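Thanks for coming. I will go through one structure this morning, a part at a time, and give the cut-offs as the terms come up.

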Amino acid sequence: MKSILEVAKSFLEDCIPPDGIVCDFTMGNGSDTLYLSKLVPDGKVYAFDIQPLALEHTRQRLQEAGAGENVELILDSHANFDCHVSQVFDAGMFNLGYLPTSDRIVTTKVESTLTAVTKAVEQVKVGGVIVVVVYPGHEEGRREGEALMETLSSLSSKRFDVTCYRLINIPDCPFIYAIEKRK
Ligand SMILES: C[S@@+](CC[C@H](N)C(=O)[O-])C[C@H]1O[C@@H](n2cnc3c(N)ncnc32)[C@H](O)[C@@H]1O
């Protein structure tokens, strides 16, 4: 079976053109940012994190890969992404939780996650996708998963298709919500 991240990426690959505009809403160590930058060689990636260390790691990762000319690294909460991205964008990715290999003190939080996801589904293009990877194995992640389920279930079915992809025999396993804006 495909890994959760592979499934998340397959949702994105279906709707992003080479000159697309995409958002990495949780930059972390930059592996998703690098992946997205390669998906849009003629486009642009806006990547967000609230930790300066994440920007440092991502800048280094992009440099080592000889990539990143099409990436803007932004030190701000994804809840404020619309202050930096004024146009409609093609797709976005949230990989929630804490910086891998960090002390886990800084993690994504229910309130800002809901604000950002709610704004993102409005600003994404028609036919575009927002993918959210949720980690219910820690308390805040469990709460984010529940709050997102409530919010996303109430999105208009005339405007959005919302999917949840989950291994139902492993309750703590990461899972995905994917929201597509209907054509
Ligand atoms: C699981 S990591 C992301 C992994 C990353 N995409 C990668 O490829 O390494 C989650 C990241 O979200 C960041 N984060 C937490 N709250 C945030 C917020 N309000 N806005 C943007 N990023 C946030 C954390 O600092 C952490 O680096």
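**Two helices in contact**

I start with a helix pair: Val110, Thr113, Leu114, Val117 and Thr118 in H4 meet Glu140, Arg143, Glu144, Ala147, Leu148 and Thr151 in H5. Two residues count as in contact if their C-beta atoms, placed from the backbone, lie within 7 Å. Helices (H or I, at least four residues) and strands (E, at least two) are DSSP runs, numbered from the N terminus.

Before going on, note that this is a predicted model, where local features need pLDDT of at least 70, side-chain atom pairs count only at pLDDT 80 or more, and totals for chains, interfaces and linings use all residues. Residues are numbered from 1 along each chain as its sequence is written.

Back to the pair. The residues of the contact between H4 and H5 divide into five nonpolar, three polar and three charged. Here Ala, Val, Leu, Ile, Met, Phe, Trp, Tyr, Cys and Pro count as nonpolar, Asp, Glu, Lys and Arg as charged, and the others, Gly among them, as polar. H4 covers residues 110-123 and H5 residues 139-153; they pack at an angle of about 35°, with their axes 9 Å apart. Axes are lines fitted to C-alpha atoms, for helices over the stretch in contact, and angles run from 0 to 180 degrees between N-to-C directions.

**The core**

Next, the largest nonpolar core. A nonpolar core is a set of buried Ala, Val, Leu, Ile, Met, Phe, Trp, Tyr and Cys residues joined through C-beta atoms within 7 Å. Buried means 20 or more other C-beta atoms within 10 Å of the residue's own, exposed means 12 or fewer, and partly exposed is in between, with C-beta atoms placed from the backbone.

Which members touch the most others among the 47 residues of the largest core? They are Val22, Ile130, Val131 and Val132. Strand S5, residues 124-134, gives the most to this core, with seven residues. Leaving out residues up to four places away in sequence, Val132 touches Phe94, Leu96, Val117, Leu148, Ile176 and Tyr177.

Phe89 is in strand S4. Phe89 counts as buried because 23 other C-beta atoms lie within 10 Å. Its contacts, apart from neighbours within four places in sequence, are Ile21, Val22, Cys23, Gln123, Val124 and Lys125.

Helix H2 spans residues 31-39, and its buried residues are Asp32, Thr33, Leu34, Leu36 and Ser37. Those residues pack against strands S1 (21-24), S2 (44-49), S3 (71-75) and S4 (89-95), and against helix H3 (52-64).

How many residues surround the ligand? There are 23, and the closest are Thr26, Gly28, Ser31, Asp32 and Ser77. By type, the shell has nine nonpolar, twelve polar and two charged residues.

**Two loop residues**

His84 lies in the loop between S3 and S4. Is His84 buried or partly exposed? It is partly exposed, because 13 other C-beta atoms lie within 10 Å. Beyond four places in sequence, His84 touches Tyr46, Ile74 and Asp76.

Arg159 sits in the loop between H5 and strand S6 (160-165). Leaving aside neighbours within four places in sequence, Arg159 is in contact with Lys181 and Arg182. Arg159 and Val133 are 26 residues apart in sequence and 22 Å apart in space, C-alpha to C-alpha.

Definitions and conventions:
Near = placed C-beta within 6 Å.
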